[in-house]
There are 2 protein chains.
Amino acid sequence: MASTAPLHPVARQALLAALDEGWADPARLYRSGRQARMLLDAARETVAEVLGARPDEISFTGSGTQAVQLGMLGALKGNRRRGAHLVHSAVEHSSVLHTAELHLAQGGEVSTAPADRLGRVDPAGYELRQDTALAVLQTANHEVGTLQPVEETAARCAAAGVPLLVDAAQSAGRLPVPPGWSLLTASAHKWGGPAGVGVLAVRKGVRYSSPLPADERENGRVPGYVDVPAIVAAAASLRAVRAEAETANARLHALVERIRARVPQLVPEVEVVGDPARRLPHLVTFSCLYVDGEVLLTELDRAGFAVSSGSSCTSSTLTPSHVLAAMGVLTEGNVRVSLPYGASEAEVDRFLDVLPGLVAGIRAPLGLDLPPVAPMRQTLVIDALGKLCPLPVIELAKHLTDVTPGGTIAVLADDEAARHDIPAWCSMRSQEYVGEAPAADYGADRGTAYLVKRIS
Amino acid sequence: MASTAPLHPVARQALLAALDEGWADPARLYRSGRQARMLLDAARETVAEVLGARPDEISFTGSGTQAVQLGMLGALKGNRRRGAHLVHSAVEHSSVLHTAELHLAQGGEVSTAPADRLGRVDPAGYELRQDTALAVLQTANHEVGTLQPVEETAARCAAAGVPLLVDAAQSAGRLPVPPGWSLLTASAHKWGGPAGVGVLAVRKGVRYSSPLPADERENGRVPGYVDVPAIVAAAASLRAVRAEAETANARLHALVERIRARVPQLVPEVEVVGDPARRLPHLVTFSCLYVDGEVLLTELDRAGFAVSSGSSCTSSTLTPSHVLAAMGVLTEGNVRVSLPYGASEAEVDRFLDVLPGLVAGIRAPLGLDLPPVAPMRQTLVIDALGKLCPLPVIELAKHLTDVTPGGTIAVLADDEAARHDIPAWCSMRSQEYVGEAPAADYGADRGTAYLVKRIS
């Protein structure tokens, strides 16, 4: 239940064979070099066929992240005569956001297409201008699994003459690649291939200018020695996974449906996020109120379950997930379950068995079930200054019933995450989020007052 | 006898084990992620120890080329307050030259330290200025095997306050890394590790600013998913190769010495290039006059020998090697033999057995052994316009004895390679190269006249 998976057995077999047959430099003219070149060409044809591209449109990179970086920077450079405007959705992978930051730092302009509460991007939210050099959209969201409207966005981009980079990292191998892309990126370890292989496809006729020093390998797009054995393994795995996809998807889809339906029945105060219908077959994310995601992750790990929490690429930082923030859902207490290809119903059932007890155990010391000790009143100020989320929300939840229905609570907080979490909590708990006020109005010297009206 | 080698048995074993134990994302907090992180940390410690660095100075890249590109661009960006002047030797790997070209195109300044006829760089040839942001030098040349004066150059750079990037791709694992580097680059497949792993080490305190979009992995220097199994295999191979190095080097050094001594005895009109003493143990390069390097390579391949020709990274182009050109030696008819770790005396002897016949077979149709048909005269004009090298040199050699000793031959040629080849041929054959004259002086409408005085 992780962000990657062990090597697919077919990939392992292909890797071992290619270490013997394809170890040589494919740029060399002698026999072993020509043999490596033939294996590389065959792998390129396989990957092209499965992804719906021509072999000469495919370049192999060292990772999905490198594919995204080179794809974006190369397309922006190749289309700089149009202008320096880049547009991407608010829920793209961090590799897209970081590349956009570099573009901005180098004098470019960036705008963002918003996503709704289900994580779905609106194609009309893409600002497509005369000077737009590139648009970027994922096939599916990496944190909540929501499928994105690639075809509609591609049609709008085509009408505006804007090239569209489609980040297929989450779906390649599992689902067919939607048509309409100008550039396509993917990552082999996501489809059971080895680490160290990404794919960048650039449609014939799409302007591209490498941002890196010159190198003739991989269509002049990816400098450096070509890792033929890993690429051969990646191609073998992609073909195998694609062939098994229909069966595997149906099975995983049902298992995820089981988690989506059961978790809210088994665990109180939980929100399953992401689109319930238009979604990846294998991925499900939910947020448990009043729970620290990393603590829950650690408890689940002890119980034998490898899950992720929060933003999928910032596990060593405490930054809240930009995806959940853009969706306007709770950014904490978040658990992402990514079922491996071989996941069984028994494993899922065991997960559903242990989860409620673990969550209850984490919540127990918070005293959430204690009745309110103070008499009900019309207004209340909660001082959560200096407290990090989720503490401000926990305080709010504990004291909601301290005010009468129709009464107002002002939560004073200086942790920026409160700006997302408090409205999200209100939305989920059907309370009314009134808005922000200066904390100074409540006598505080810093922070913000978040105003909540108790409805029920 | 190639630019790379099959995976070292130890690397293969480590790779298989790490595919089972280290497949997970080392950035993850769950058990398999922590296990991958431990393997990655251990590999980093091994590589650091063998290369003489601290573990936190080491970042793993996707190739040696990527290490060079990131090392150079990151150091140039980090030291941009000093200035934008870059200096490297004329015989660096093409990845260094291409990165320098990008730096130049982006408004930087580049100067080149020359190499002598043996391919050795003079430390005093490095122009070190107040605004010099980076100097680059290889430990050993990749085409001719000459060892470079890294320590002396490092001392000069240190005195001038200029950081020095040392490209150790050719020697890492085989020879100890010379001290004094600020940045160090290497490539695992050169030491029997897998493709897809390079190393960039940046000394603590050296200014470095990543040229790529932000990414927290590998010290913020190399974006993208980390290929733990390949890195584990690379580290295992490096340790094994380093442990065997003393024995292997002595054996390979003697085999190369045998080739260096015997080839000129067995094949007429051949020049063994590179430093005969201060050299890599396993690499030897020679040039056969009047022979097309690719033709000889093909013949040797048929006989079961995998060798390279000309520039090591431009096999699909016909550009003459910039290394041989900088050394002022013949750029054509070039054969590079890189002995694998397991090379045997019997293989070398078989190579020496077949080589003379193959060279003679290629030369036979040229009629070089025919006596001159014209009577000797004082001056001769050879019209080689429109003929590609090595034809102008072949014509010169055929007709040298058409003039009396002390007489002059003017070779009219429009292939740029003649500018290197004719002086090189003169130097080798102890004839006097007089210089260039406008071809118009000899009634031609294009090209250059290369004047040669027959000495003997």
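**Conventions.** I number residues from 1 along each chain as its sequence is written, with chains lettered from A in the order in which they are written. As this is a predicted model, I take local features only at pLDDT of at least 70 and side-chain atom pairs only at pLDDT 80 or more, whereas totals for chains, interfaces and linings use all residues.

**Confidence.** I looked up pLDDT, the predictor's confidence in each residue, from 0 to 100, and found a mean of 90 for chain A, with 95% of its residues reaching 70 or more. For the complex, I noted an ipTM of 0.79 and a pTM of 0.82 from the predictor. Within chain A, pLDDT stays under 50 over residues 311-318, for which the model has 17 contacts beyond four places in sequence, a contact being two residues whose C-beta atoms, placed from the backbone, lie within 7 Å. Residues 370-374 of chain A also stay under 50, and there the model has 4 such contacts. Where pLDDT is low, the predicted coordinates should not be read in detail.

**Helices H3 and H4 of chain A.** I take helices (H or I, at least four residues) and strands (E, at least two) as DSSP runs, numbered from the N terminus. The axes of H3(A), residues 64-78, and H4(A), residues 94-105, come within 9 Å and cross at roughly 35°; axes are lines fitted to C-alpha atoms, for helices over the stretch in contact, and angles run from 0 to 180 degrees between N-to-C directions. On the H3(A) side I listed A:Thr65, A:Val68, A:Gln69, A:Met72, A:Leu73 and A:Leu76, which meet A:Ser95, A:Val96, A:Thr99 and A:His103 of H4(A). By class, this contact has 5 nonpolar, 5 polar and no charged residues, where Ala, Val, Leu, Ile, Met, Phe, Trp, Tyr, Cys and Pro count as nonpolar, Asp, Glu, Lys and Arg as charged, and the others, Gly among them, as polar.

**Between the chains.** I find 53 residues of chain A in contact with 52 residues of chain B. The largest share of the side of chain A that touches chain B, 5 residues, comes from H4(A). That side of chain A has 23 nonpolar, 20 polar and 10 charged residues.

**Strand S1 of chain A.** The bridge partner of A:Ser59 in S7(A) is A:Leu200. A:Ile58 and A:Phe60 point one way from S1(A), A:Ser59 and A:Thr61 the other way, and all are buried, meaning that 20 or more other C-beta atoms lie within 10 Å of the residue's own, C-beta atoms being placed from the backbone (exposed is 12 or fewer, partly exposed in between).

**A sheet in chain B.** I traced an open sheet of 3 strands in the order S8-S9-S10, with antiparallel pairing. Its edge strands are S8(B), 270-273, and S10(B), 334-338. S8(B) pairs with S9(B), residues 283-288, over 4 bridges, and B:Glu271 has B:Ser287 as its bridge partner in S9(B). Helix H6(B), residues 228-266, packs on the sheet, touching S8, S9 and S10 of chain B, and its direction makes about 155° with that of S8(B).

**A:Leu412.** I placed A:Leu412 in strand S12(A), residues 403-413. Why does A:Leu412 count as buried? It does so because A:Leu412 has 25 C-beta neighbours inside 10 Å. Beyond four places in sequence, its contacts include A:Val381, A:Asp383, A:Tyr442 and A:Ala449. A:Asp383 is 29 residues from A:Leu412 in sequence, but 5.0 Å apart in space, C-alpha to C-alpha.

Terms used. Pairing = 2+ DSSP bridges.
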